[in-house]
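Okay, thanks for coming, everyone. Let me put the structure up on the screen, and then I'll walk you through a few spots.

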Amino acid sequence: MSKTTVKDVAMEPEHSPAQARTAGARRTEGGSRAFALLLLITGAAGVLAAWVITLDKFKLLEAKVKGETFTPGCSLNPVVSCGSVMESDQASVFGFPNPMLGLVTYGIVICVGMSLLAGARFPRWYWLTFNAGTLFGVVFCAWLTFQSLYRINALCLWCCLAWVATILMFWYVTSFNVRKGFLPAPGWLKGFFGEFTWVMPVLHIGIIGMLILTRWWDFWTS
């Protein structure tokens, strides 16, 4: 009698953890239209703020050279005083005006948003690098917030706009990376970001708003 051997050709080989990580690294992801528009809007808001502050900074320097005084349009009172912020040491922490850095970085955010609208898909390393950039931005904004409230003792409205834009983009980019598995996270956190991403930026911005309110409570209520 002849013996027939049957092979299960439908069985797929198991992937090792290293192979799974390699496959994840090679995977590319694009963003939704809403996510792309959020990046476009926040990037544009950041560029606008950086552009206005840069122009006012140049006008301030020109006025000093001529021996004149220039008051930015957003200097409304002793607290909301853009001129005081622009003339502080913290306004040029890297050796050049901070908004010049914003013109470049927020411009990159706009480019990413436009690329996503066009259907671009990026690998894991790209998204993590982008996330690291937004993390740097939100940490830098937190430092500037502290300096404005407790060292310079003045607020710049255009700076506040840049802070809000940076906070929004950071939390939504982080949420994207967690939900897509590019950032390791437990299942409950993925579920939270899937439904309630908006909670984090609202809470973050709300805390800053409360700090501003309490810092100058006597001024606001007088």
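So, let's start with Ser175, which you'll find in helix H6, the stretch from residues 157–179. Keep in mind that what you're looking at is a predicted model. Is Ser175 buried or exposed? Its relative accessibility comes out at 0%, so it counts as buried, given that buried means under 20%. And what is Ser175 in contact with, once we leave aside its neighbours within four places in sequence? That would be Phe193 and Thr197.

Next stop, helix H8, which runs over residues 199–215. H8 has 17 residues, and at 1.5 Å a residue they should span 24 Å.

Now, which residues of H8 are buried? They're Pro201, Ile208 and Ile212. These three cover an arc of only 45 degrees around the axis, so they sit on the same side of H8.

Last one: Thr105, over in helix H4, residues 98–117. Thr105 has 33% relative accessibility, so this one counts as partly exposed. Now look across to Gly46: Thr105 and Gly46 are 59 residues apart along the chain, and their C-alpha atoms are separated by 8.8 Å.

That's my tour, so over to you.

Note on methods:
Residues are numbered from 1 along each chain as its sequence is written. This is a predicted model: local features need pLDDT of at least 70, side-chain atom pairs count only at pLDDT 80 or more; totals for chains, interfaces and linings use all residues. Side-chain values use heavy atoms; hydrogens and water are left out. Helices (H or I, at least four residues) and strands (E, at least two) are DSSP runs, numbered from the N terminus. Buried means under 20% relative accessible area, exposed over 50%, partly exposed in between (1.4 Å probe, protein chains only). Contact means heavy atoms within 4.5 Å. The expected span of a helix is 1.5 Å times one less than its number of residues. The arc is that of the directions from the helix axis to the C-beta atoms.
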